[in-house]
Amino acid sequence: MWLPAIFLIIGISLGLLTDITISDQYSNYLSIAILAALDTLFGGIRAHLDRTFDQKIFVSGFLFNIGLAVLLTFIGVKLGIDLYLAAVFAFGVRLFQNIAIIRRRLILQKNTEKQDN
Amino acid sequence: MKLRGRHVVLSLVLFVFGFLGSYSFQITKEHAQIVQMSEQEWEKDFFYRQQLIQMEEKNRKLQEKVDNYRKDINQLEQAFGDDEAKIKTLVNEKKKLQMITGELPIQGSGIKLSLKDSAYIPSEENVNQYIVHDRHVQLVINELYSAGAKAIAINGQRIYKDSFVNCVGPVISVDGNQYPAPFEIEAIGDPESLQTSLELTNGVVDILVNDNIEVKLETMERVQMDAKIS
């Protein structure tokens, strides 16, 4: 379990240490990418708890979600419509759903453990 | 192996996620200082900027005024300089005129003419035929003036525009001061022209000599006359 934690720390420190500045118009892409990554992560955790976790689905979902979100934002910028809101909305809803499911599962797990005892 | 692969994938995703998250955080932190401003601050900022612009405008106008004033001052100074030069020439002219009218002492080259009663007066003749009369002196003075004399003095007394010369018996009175013969008439002016004009044929000197007066004419390098005391 320590390998993901180490990589998370490395990623965070690398992000803090990089001194590249991007112009304001690209910060939209960054935020939507983060949201996509967050969504995929929680989706993965939920799948793990559901015991339906699949590496391929997880990785492809991660990359595909990020790519789709960025593409949507790009198109939105080109068309002059705030299309990235769609991505934000979709990811936000899924995020809350996933978190709710995870919470429920964890609580149920604890309850069953108690009942077992 | 399967577990490890899962871990690798998870760590990769977490790595990317951590990187993106912290990077975004860093960027927003950098931008926050500039971008995040409350309405009040904006208004204040705008107000101060407006004030600054107004002040700069004011400054510019004042600077223009200062420039204009400087130009004016320059012109005035120039005018003063011109006036000063004019005044200088006027003062010089006034001095010259004052010298000529006798209000200031004058000096320069000129001639000296001395008229003397005849030394020999035959006893049978009228003595009046042999002495210097006021008309002789007047003649000389008039001739000298018309020859361009700047100033004339008789026995050291200057002749002014309202001077008079007349006979009082054996002496001649100049402005009320009596002088006996010989009379020394000094004139300031171009010596050559003065002398020439006096010595014309049938001129003043000839007339005087004909009237039995001893005339002595000499050019002077330097003649000095005092100012009128009034």
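Predicted model: local features only at pLDDT ≥ 70, side-chain atom pairs only at ≥ 80, totals over all residues.
Axes are lines fitted to C-alpha atoms, for helices over the stretch in contact, and angles run from 0 to 180 degrees between N-to-C directions. Contact means heavy atoms within 4.5 Å. Helix 2 of chain A contributes residues including Ile32(A), Leu35(A), Phe42(A) and Leu49(A). Among those from helix 4 of chain A are Val88(A), Phe91(A), Leu95(A) and Ile102(A).

Residues are numbered from 1 along each chain as written, and chains are lettered from A in the order written. Local features need pLDDT of at least 70, side-chain atom pairs count only at pLDDT 80 or more, and side-chain values use heavy atoms.

Thr40(A) also lies in helix 2 of chain A. Thr40(A) is buried, with a relative accessible area of 6%; the cut-off for buried is under 20%, with a 1.4 Å probe and protein chains only. Beyond its neighbours within four places in sequence, Thr40(A) contacts Phe58(A), Gly61(A), Phe62(A) and Asn65(A).

The largest nonpolar core has 25 residues. Such a core is a set of buried Ala, Val, Leu, Ile, Met, Phe, Trp, Tyr and Cys residues joined through side-chain atoms within 4.5 Å. Leu115(B), Val137(B), Leu144(B) and Ile185(B) touch the most other members. Helix 3 of chain B supplies the largest share, 4 residues. Not counting residues up to four places away in sequence, Leu144(B) touches Ile111(B), Ala149(B), Ile152(B), Ile185(B), Ala187(B), Leu194(B) and Leu198(B). A second, separate core of 23 residues includes Leu30(A), Ala37(A), Ile66(A) and Leu14(B).

In chain B, 3 strands form an open antiparallel sheet in the order 4-5-6. Strands (E, at least two residues) and helices (H or I, at least four) are DSSP runs, numbered from the N terminus. Two strands pair if DSSP finds at least two bridges between them. Strand 4 (165–168) and strand 6 (177–179) of chain B are the edges, each pairing on one side only. The twist averages 35° from one strand to the next. Strand 5 (residues 171–174) and strand 6 of chain B pair over 3 bridges. Ile172(B) has Tyr179(B), in strand 6 of chain B, as its bridge partner. Helix 3 (residues 134–146) of chain B packs on the sheet and touches strand 4 and strand 5 of chain B. The direction of helix 3 of chain B makes about 165° with that of strand 4 of chain B.

Methods. Buried < 20%, exposed > 50% of the residue type's maximum accessible area, 1.4 Å probe, protein only.
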